[in-house]
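Dear colleague,

Please find below the structure that I am handing over to you. My notes on it follow directly after.

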Amino acid sequence: MEFDWDQVKQEIKKGNLSLDELILILLYIGKISGKNRLQQEVFLVWKEIFKEKYLIDPMFQPDFYGPHSQLLEDLILKLNTVGYVRKSPRGEGHVTYIITEKGKFFIKKILEEKKIPDELFNKLRDKKMDWDELTFQGLIRYICRNYPEYFIKEEEMLKEKVIVWWIIR
């Protein structure tokens, strides 16, 4: 899928949240441990809280561990680079994402400017606390049950591996 920057600019002008702003709001509420968990929580916010209308499309694609957005990965790297988010190593290959003071200052301004309704912010905070209580497997199970179209089944993964193997041999 081609990324349409003109659409992004129009959505921002309408006052819709950008994906990096949503990431910062989630981290403002609380840290997120793990790359996949970050993907899943942003997906759930997009689907269940903002109902796809306040937020620019993060372009989630089906993946083995559920919805995945390359755009989200790129933006978390950008937020880390500009100093809004800190990545804290947590064991081998794992990371926890934490908002910095600079990020908190920025997102407070955005929350005031975009006038996100209090009931929406409170719903987001409550849902995030619920999701944080789930294990990663529990979160995946919830998403798989409610959004199965965002998962690649094992058979499909095997087919893809066989095709790639055949092409590169």
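**Helix α3 and its surroundings**

In this predicted model, helix α3 meets α7 through N36, R37, Q40, E41, F43, L44 and E48, and the residues on the α7 side are F136, L139, I140, Y142 and I143. Sorted by class, this contact of α3 with α7 comprises seven nonpolar, two polar and three charged residues. The axis of α3 and that of α7, which covers residues 136–146, come within 11 Å of each other and cross at roughly 35 degrees. The crossing of α3 past α7 is left-handed.

As to α3 itself, the helix runs over residues 35–49 and has 15 residues. From the first C-alpha to the last, α3 reaches 21 Å, close to the 21 Å expected at 1.5 Å a residue. Helix α3 is also mostly covered, with 13 of its 15 residues buried. Just after α3, K51 adopts a positive phi of about 50 degrees.

Is K128 buried or exposed? K128 counts as buried, because its relative accessibility is 0%, and the cut-off for buried is under 20%. Leaving aside residues up to four places away in sequence, K128 touches L26, I29, G30, K31, I32 and E41. One of these, E41, is also among the α3 residues that meet α7.

With kind regards

How values were computed
Residues numbered from 1 in each chain as written. Predicted model: local features only at pLDDT ≥ 70, side-chain atom pairs only at ≥ 80, totals over all residues. Heavy atoms only, no water. Helix = DSSP H or I, 4+ residues; strand = E, 2+ residues; numbered from the N terminus. Expected span 1.5 Å × (residues − 1). Buried < 20%, exposed > 50% of the residue type's maximum accessible area, 1.4 Å probe, protein only. Contact = heavy atoms within 4.5 Å. Axes fitted to C-alpha atoms, helices over the stretch in contact; angles between N-to-C directions. Left-handed = near helix turned anticlockwise from the far one by under 90°. Nonpolar A, V, L, I, M, F, W, Y, C, P; charged D, E, K, R; others polar.
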